[in-house]
Amino acid sequence: MSSDPENLTPVFLRRIDAKIDTLALDLRELKERVSGVEIGLTSVRRDIAGLAETDARLQVSLDRMRDDVGRIQRRLDLHEEPAA
């Protein structure tokens, strides 16, 4: 008898084993892809930190120039009187 339950058990176990192997392979691929995304995200964060540093430097330079222009305006008596 080919439909004997004792003969079907190994067949189903082999199918389950094959499916588990496929899932394991898919999981390995997903882990690799997630690692790639994490590496890319780290790079983006590093770039953002660099941009924030550049922004801070530019802000300091702008503040210095604003102070210099204010000093020049006062020396040349070009500054406007504040409205009262």
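Colleague: In which element does Thr42 lie?

Modeller: This is a predicted model, in which local features need pLDDT of at least 70, side-chain atom pairs count only at pLDDT 80 or more, and totals for chains, interfaces and linings use all residues. Residues are numbered from 1 along each chain as its sequence is written, and side-chain values use heavy atoms, with hydrogens and water left out. Helices (H or I, at least four residues) and strands (E, at least two) are DSSP runs, numbered from the N terminus. By that rule, Thr42 lies in helix α1.

Colleague: How many helices and strands are there in the protein chain, and which residues does helix α1 span?

Modeller: The protein chain has 1 helix and 0 strands. Ile16 is placed in this helix, α1, which covers residues 5-75.

Colleague: Which backbone oxygen does the side chain of Thr42 reach, and at what distance?

Modeller: A polar contact is a pair of N or O atoms within 3.5 Å; within protein, one must be able to donate a hydrogen and the other to accept it, and residues adjacent in sequence count only if both atoms are side-chain atoms. The side chain of Thr42 makes such a contact with the backbone oxygen of Glu38, at 2.9 Å.

Colleague: Why does Thr42 count as partly exposed?

Modeller: Buried means under 20% relative accessible area, exposed over 50%, and partly exposed in between (1.4 Å probe, protein chains only). Thr42 counts as partly exposed because its relative accessibility is 42%.

Colleague: What share of the protein chain is buried?

Modeller: Accessible areas come from the Shrake-Rupley method with a 1.4 Å probe, and for residues only the protein chains shown count as cover. The accessible surface of the protein chain is about 8100 Å², with 59% of it belonging to carbon and sulfur atoms. Of the 84 residues, the buried share is 1%.

Colleague: How far apart in space are Phe12 and Val69?

Modeller: Phe12 is in helix α1, and it counts as partly exposed because its relative accessibility is 44%. Phe12 and Val69 are 57 residues apart in sequence; in space, from C-alpha to C-alpha, they are separated by 84 Å.

Colleague: How many salt bridges does a search of the whole structure find?

Modeller: Side chains of opposite charge can pair when their charged atoms come close. A salt bridge is a side-chain nitrogen of Lys or Arg within 4 Å of a carboxyl oxygen of Asp or Glu. One of them joins Asp63 to Arg66, with the closest N and O atoms 3.2 Å apart. Across the whole structure, the search gives a count of 3.

Colleague: Which residue forms a salt bridge with Arg57?

Modeller: Arg57 is exposed, since its relative accessibility is 54%. The closest N and O atoms are 2.4 Å apart, and the partner is Glu53.

Colleague: How far apart are the closest N and O atoms of Arg71 and Asp68?

Modeller: Both residues lie in helix α1, 3 residues apart, about one turn of the helix. Arg71 is partly exposed at 38% relative accessibility, and Asp68 is partly exposed at 34%. Their salt bridge has its closest N and O atoms at 2.4 Å.

Colleague: Which residues form a nonpolar patch on the surface?

Modeller: Patches are made of residues with over 30% relative accessible area and no salt bridge: like charges are joined within 9 Å, nonpolar side chains (Val, Leu, Ile, Met, Phe, Trp, Tyr) within 5 Å. Ile16, at 47% relative accessibility, is partly exposed. With about 290 Å² of accessible area together, the members of the patch are Leu13, Ile16 and Ile20.

Colleague: What is the phi of Asp77?

Modeller: Asp77 is found in the segment after α1, and it is exposed, with a relative accessible area of 59%. Most residues other than glycine have a negative phi, and most peptide bonds are trans. Asp77, a residue other than glycine, has a positive phi, near 60°.
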